[in-house]
Amino acid sequence: MSTIRIHLLRVEEIWVYIRNFPEWFAKLRRAAKRFNVSSLEIWKRAIVLRLRYGLGPDEAVDTGLINPDLSPDEDPGAIGRWRLTRHQYRFSPRPWECLSADKAVFYAYCKALGLPVPKLYAVLDKDAGWTASGKLISERAEWERFFENDLPQEFIIKPALGARGRGVNLYRRAGASFQDLSGQTFSAASLYERLRTDSAYTRFVIQERLFNHPEIQRLTGTQSLQTVRVQTWITKDGEVELYETHIKMILGNNLTDNVDGGRSGNMRAELDMDSGALAAPFVSSPDGIGFKILPVHPVTGINITGTVLPHWSSFRQLVDRAAHLFLPIRTIGWDIAITSDGPVLIEGNTWYDGCNHPHWSLVTRRHRARFISRFTNEL
Amino acid sequence: MLLLRLEEVWLYIRNFPDVIVFFQRAAKRFNVSGLVIWKRAIVLYLRYSLGPYDALESGLINPDVPLEEVRGSIGRGPSTRHQLRFSPRQWQCLSTDKAVFYAYCKAVGLPVPKLYAILDKNVGWTASSRVISERIEWERFFENDLPQEFIIKPALGGEGHGVNLYRRAGALFQDSSDQTFSAASLYERLQTDSTYTRFVIQERVFNHPEIQRLTGTQSLQTVRILTWITKDGQVEIYDAWLKLIVGNNIIDNYEGGRTGNMKAELDVDSGAIVAVLGASPDGIGFEVLPVHPVTGINIPGTVLPDWPSFRQLVDRAAHLLFPLRTIGWDVALTGDGPVLIEGNIWWNALNQPHWSEPRRRQRARFMSRFTKEP
């Protein structure tokens with residue numbers, strides 16, 4: 001079955017290439033202009049990146065790896081989205097996808113295994129839902145009573161099957177009403193209606209709002225939750241290997257820390273896997289080609305480079321445990337919040353993208369290259 | 001779906017010689033010509049999607065059974081195709097992987113057997129979520145952390161295959177076939193199993209004393225109940241029966257009669273046993289037994305203990321395993337109430353000609369809705 005899926009993925013990939021060709025053509029022309037080289041040279045580079053690392057033209061441009069000044073012999077440890085997904089298919093048996101893809105299942109499963117997750121208040125589904133105590137709720141009036149009486153001052157509602165932060169909302173009580181992040185207010189009845197009539201999602205988790213460790217809040221100047229993304233892979237010998245680790249940092253009024261290809265304005269900072277020390281943050285370059293390294297955090301003005309994140313050893317232990325406990329899913333991109341009570345699992349993603357760019361340190365670049373070689377060559 | 005149909009066709013082709021033999025046997029049994037049997041079989045297939053084996057095993061091949069009375073039946077192949085519609089693949093592990101099933105049920109407050117550990121190919125974990133990856137740690141775990149009796153079964157097993165009961169015998173462990181193992185050889189046995197790589201180690205559960213008295217066995221017998229959540233969110237029940245162990249079996253699976261075990265049709269509202277069905281000696285249909293063959297007790301009419309709790313549990317469980325919309329639950333009635341043993345997204349119907357008229361009508365209505373919902 002997974003072979004069929006992989007073939008279908010290849011077909012989809014070809015179709016995406018054909019469909020997006022005009023847009024990518026324009027992107028590559030822009031890159032040629034930016035780097036002051038001929039289009040031919042950019043195209044040659046794009047082809048090499050595609051053949052060697054599976055990077056599509058869009059990825060090559062977005063990550064900045066299209067830059068012809070970068071040595072072609074320096075393996076960035078990169079891997080393109082489609083190639084990565086094909087390998088993820090190999091390591092993530094489909095019947096187990098819900099363990100990570102469905103947040104309702106993820107939270108319940110983690111809780112059962114003693115893995116720290118946000119407190120789950122309820123799961124609201126199309127025809128029925130349930131509260132954290134396992135009580136079933138199927139009637140509108142019951143849901144309204146639940147909203148009115150059983151939720152705290154602030155809570156998060158997010159789609160159980162959402163991705164990239166889409167559909168996530170923060171609600172605060174405002175008297176008898178609930179106010180969301182955009183300032184819209186809802187009664188219990190209209191909140192229920194909003195969720196039931198959502199055009200994209202039918203299943204929602206209602207969970208506690210978490211906060212980062214005070215040190216992270218101080219460094220970044222925001223109370224919105226920022227998570228560390230770490231990608232794990234369990235080898236056939238049962239060892240947990242890490243591909244990459246970075247913290248996703250919120251800028252502006254964003255509630256979620258997703259980078260979303262640079263569209264959100266959020267940024268990232270590489271983390272030393274062993275020490276938890278931050279490297280300089282980087283953000284999408286204004287022209288959409290590659291990234292810009294920032295010397296200081298643009299909001300707080302603090303030079304965060306070298307800062308060690310709190311609870312790092314607990315973080316590494318948690319990642320190791322979680323990776324094993326989620327077998328037979330062998331590779332996961334975890335989003336973990338570092339809170340004052342320690343690390344907390346927010347999400348496990350069986351489909352994750354690599355954080356490809358040319359700014360990794362040499363040590364990290366070599367580590368990534370070794371990882372990708374083993375990851376893609378394991379039979 | 002298409003692959004399933006192709007697989008079904010291939011099975012018919014491959015088993016055709018066996019089918020000819022069975023049909024000949026059926027013709028002899030019912031004292032009719034082979035042609036009559038073949039015609040009946042074709043009608044059963046076209047009208048009720050009952051394949052040859054379904055028709056034989058259920059006894060519905062009997063030409064004396066009015067076709068009216070076959071309503072509500074469904075063959076294995078078609079029922080699987082519908083189950084596939086109602087069980088999104090990405091959620092299948094919630095029921096097919098017993099390790100996940102138990103963890104998830106525990107998390108949502110559904111009663112399940114106590115889980116001691118999961119042993120996987122490279123690594124495993126105990127109920128306290130301690131990860132174990134070394135042989136020596138597993139051996140220590142077996143020696144020190146397990147009770148007097150425990151069950152080990154494949155996480156992905158089906159039809160009771162691979163289930164074993166272990167008892168401590170001094171420093172050793174004795175299984176249900178009296179083979180003995182040290183902690184080291186038990187680990188070796190599991191690690192070198194040719195079929196399975198993932199095992200759950202769980203408590204041994206016992207039936208309610210009343211069920212033990214009626215059936216004369218301490219081995220666990222479960223109620224199989226088939227649920228379906230309609231698009232309006234209602235839980236509907238298709239069939240329910242108690243799986244009865246006969247002899248020294250430790251598992252209650254019927255397996256086409258090959259195990260010797262039996263089934264007792266249940267009234268889904270009252271929990272009363274309606275009839276006890278054993279495999280007919282020639283493999284064609286069932287034999288209705290007047291008393292339990294081991295205890296000699298006349299069990300039809302007996303109401304199973306804790307039935308209202310059982311029904312409430314099934315209703316809750318069906319909703320909590322959503323978006324899996326149809327499940328064949330195996331539920332043990334114990335001295336402490338009902339306990340979920342398994343949830344099966346692939347289940348077979350209990351097709352047979354002995355249903356009462358009201359039950360037949362109810363099954364027919366169910367099957368009509370189940371197969372027609374878009």
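# Briefing on a predicted two-chain model

In chain B, helix 8 passes helix 9 in a right-handed crossing; a crossing has this hand if the near helix is turned clockwise from the far one by less than a right angle, and is left-handed if anticlockwise. This is a predicted model, in which local features need pLDDT of at least 70, side-chain atom pairs count only at pLDDT 80 or more, and totals for chains, interfaces and linings use all residues. Residues are numbered from 1 along each chain as its sequence is written, while chains are lettered from A and ligands numbered from 1 in the order in which they are written. Helices (H or I, at least four residues) and strands (E, at least two) are DSSP runs, numbered from the N terminus.

**The helix pair of chain B**

- Two packed helices are described by the angle between their axes and the distance between the axes.
- The axes of helix 8 (residues 135–145) and helix 9 (residues 183–191) of chain B come within 9 Å and cross at roughly 115°; axes are lines fitted to C-alpha atoms, for helices over the stretch in contact, and angles run from 0 to 180 degrees between N-to-C directions.
- Helix 8 of chain B contributes B:R135, B:W138, B:E139, B:F142 and B:E143 to the contact, and helix 9 of chain B contributes B:A183, B:A184, B:L186 and B:Y187. Two residues are in contact if their C-beta atoms, placed from the backbone, lie within 7 Å.
- This contact of helix 8 with helix 9 of chain B comprises 6 nonpolar, no polar and 3 charged residues. Ala, Val, Leu, Ile, Met, Phe, Trp, Tyr, Cys and Pro count as nonpolar, Asp, Glu, Lys and Arg as charged, and the others, Gly among them, as polar.

**The sheet of chain B**

- Chain B has an open sheet of 8 strands in the order 3-2-1-8-4-5-6-7, with antiparallel pairing; two strands pair if DSSP finds at least two bridges between them.
- Strand 3 (131–132) and strand 7 (180–181) of chain B are the edge strands, each pairing on one side only.
- Strand 4 (residues 149–154) of chain B is mostly covered, with 5 of its 6 residues buried; a residue is buried if 20 or more other C-beta atoms lie within 10 Å of its own, exposed if 12 or fewer, and partly exposed in between, with C-beta atoms placed from the backbone.
- Strand 4 of chain B is joined by 4 bridges to the antiparallel strand 5 (residues 164–169) of chain B, where B:N164 is the bridge partner of B:I152.
- A further 4 bridges join strand 4 of chain B to the antiparallel strand 8 (residues 199–202) of chain B, where B:V200 stands opposite B:K153.

**The sheet of chain A**

- In chain A, 7 strands form an open sheet in the order 13-12-11-10-9-14-15, and the pairing is antiparallel.
- Its edge strands are strand 13 (291–293) and strand 15 (342–349) of chain A.
- Neighbouring strands of this sheet are turned by 30° against each other on average, direction ignored.
- Strand 11 (residues 267–271) and strand 12 (residues 278–284) of chain A run antiparallel and share 3 bridges; A:A269 stands opposite A:P281.

**The interface between the chains**

- 29 residues of chain B are in contact with 29 residues of chain A.
- On the side of chain B that touches chain A, the largest share, 5 residues, comes from helix 7 of chain B.
- By class, that side of chain B has 14 nonpolar, 9 polar and 6 charged residues.

**Confidence in chain A**

- Chain A averages a pLDDT of 92, and 99% of the residues score at least 70; pLDDT is the predictor's confidence in each residue, from 0 to 100.
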